[in-house]
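Subject: A structure for you to look through

Dear colleague,

Here is the structure I said I would pass on to you. Please open it beside this message, so that you can look up each residue as you read.

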Amino acid sequence: MAATGPLQQEANEYLKQHKIPQLFEGLTAELVFHRPSDPRSFMRDYVLKLQNAKANPDKGDPPSLLDESNIRCVFSMLDMTKRGFITTAQYHEAIKSVGVTDYNTDPNGAALNKISQETFIKETEMALRRACSTFSADY
């Protein structure tokens with residue numbers, strides 16, 4: 001095991017602060033999923049979308065492999081009895097399963113332990129948008 005000195009610790013803190021590993025994980029996932037013929041242009045466009053999402057967190061179109069239809073599908077898999085809602089525990093697990101850690105932990109319906117599909121979609125989209133908009137746009 002390699003020893004970590006002050007320079008290594010400083011580098012690790014920098015990477016963590018600017019969420020560089022998450023940036024590259026998202027970029028790599030997008031590349032593998034889309035397999036563009038021009039990966040460099042694709043990566044440039046990806047970073048531009050991240051910058052736009054950061055500049056307009058409520059309106060930007062952040063790059064994500066999940067669109068509304070995918071989020072609906074996640075909800076449907078959890079609501080197998082078609083009651084129109086999922087439990088608060090299911091909500092927490094589902095949001096975490098799509099890779100989001102910063103999300104509304106007390107959404108509309110949580111007090112009744114009934115999270116509607118509309119709430120789930122809204123909260124998931126907002127959390128994904130927030131996740132994408134947190135990357136530093138200062139290059």
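What follows is an account of what was found in it, starting with the whole chain and ending with single residues.

This is a predicted model, in which local features need pLDDT of at least 70 and side-chain atom pairs count only at pLDDT 80 or more, while totals for chains, interfaces and linings use all residues. Residues are numbered from 1 along each chain as its sequence is written, and side-chain values use heavy atoms, with hydrogens and water left out.

**The whole protein**

The protein has 6 helices and 2 strands, where helices (H or I, at least four residues) and strands (E, at least two) are DSSP runs numbered from the N terminus. Along the sequence their order is α-α-α-α-β-α-β-α. Of the 139 residues, 27% count as buried, a word that here stands for under 20% relative accessible area, with exposed being over 50% and partly exposed in between (1.4 Å probe, protein chains only). The accessible surface comes to about 9,400 Å², and 55% of it belongs to carbon and sulfur atoms; such areas come from the Shrake-Rupley method with a 1.4 Å probe, and for residues only the protein chains shown count as cover. If we take the contacts (heavy atoms within 4.5 Å) between residues at least 6 apart in sequence, 64% of them join residues at least 24 apart.

**The buried side of helix 4**

Helix 4 runs over residues 68-78, and in it I71, V74 and F75 are buried. These three cover an arc of only 95° around the axis, which puts them on the same side of helix 4; the arc is that of the directions from the helix axis to the C-beta atoms. As a general point, an α-helix has 3.6 residues a turn, so residues three or four places apart point the same way.

**The aromatic rings**

Which residues do ring pairs link into a cluster? They are F75, Y91, Y103 and F120, and the structure holds 3 aromatic pairs. Rings of Phe, Tyr and Trp (its six-membered ring) pair if their centres lie within 6.5 Å, and planes under 30 degrees apart count as stacked, over 60 as edge-to-face and the rest as tilted. The rings of Y91 and Y103 have centres 5.9 Å apart and planes at 70°, so this pair is edge-to-face. Because Y91 lies in helix 5 and Y103 in the loop between helix 5 and strand 2 (115-116), the pair ties together parts that are 12 residues apart in sequence. Both Y91 and Y103 are buried. The rings of Y91 and F120 are also edge-to-face, since their centres are 6.3 Å apart and their planes stand at 80°. F120 lies in helix 6 (residues 117-133) and Y91 in helix 5, so this pair ties together parts that are 29 residues apart in sequence.

**The salt bridges**

There are 3 salt bridges in the structure, each meaning a side-chain nitrogen of Lys or Arg within 4 Å of a carboxyl oxygen of Asp or Glu. In one of them R72 meets E68, with the closest N and O atoms 2.6 Å apart; both residues lie in helix 4, 4 residues apart, about one turn of the helix. R72 counts as partly exposed because its relative accessibility is 35%, and E68 counts as partly exposed at 35%. Another salt bridge joins the side chains of R44 and D45 (3.2 Å, N to O). The side chains of E123 and K122 also meet in a salt bridge (4.0 Å, N to O), in which E123 is buried at 4% relative accessibility, whereas K122 is partly exposed at 45%.

**Two buried threonines**

T88 is placed in helix 5 (residues 88-97) and counts as buried because its relative accessibility is 13%. Its side chain reaches the backbone oxygen of A110 at 3.3 Å. Leaving aside neighbours within four places in sequence, T88 is in contact with A110, N113, K114 and I115.

Conventions
A polar contact is a pair of N or O atoms within 3.5 Å; within protein, one must be able to donate a hydrogen and the other to accept it, and residues adjacent in sequence count only if both atoms are side-chain atoms.
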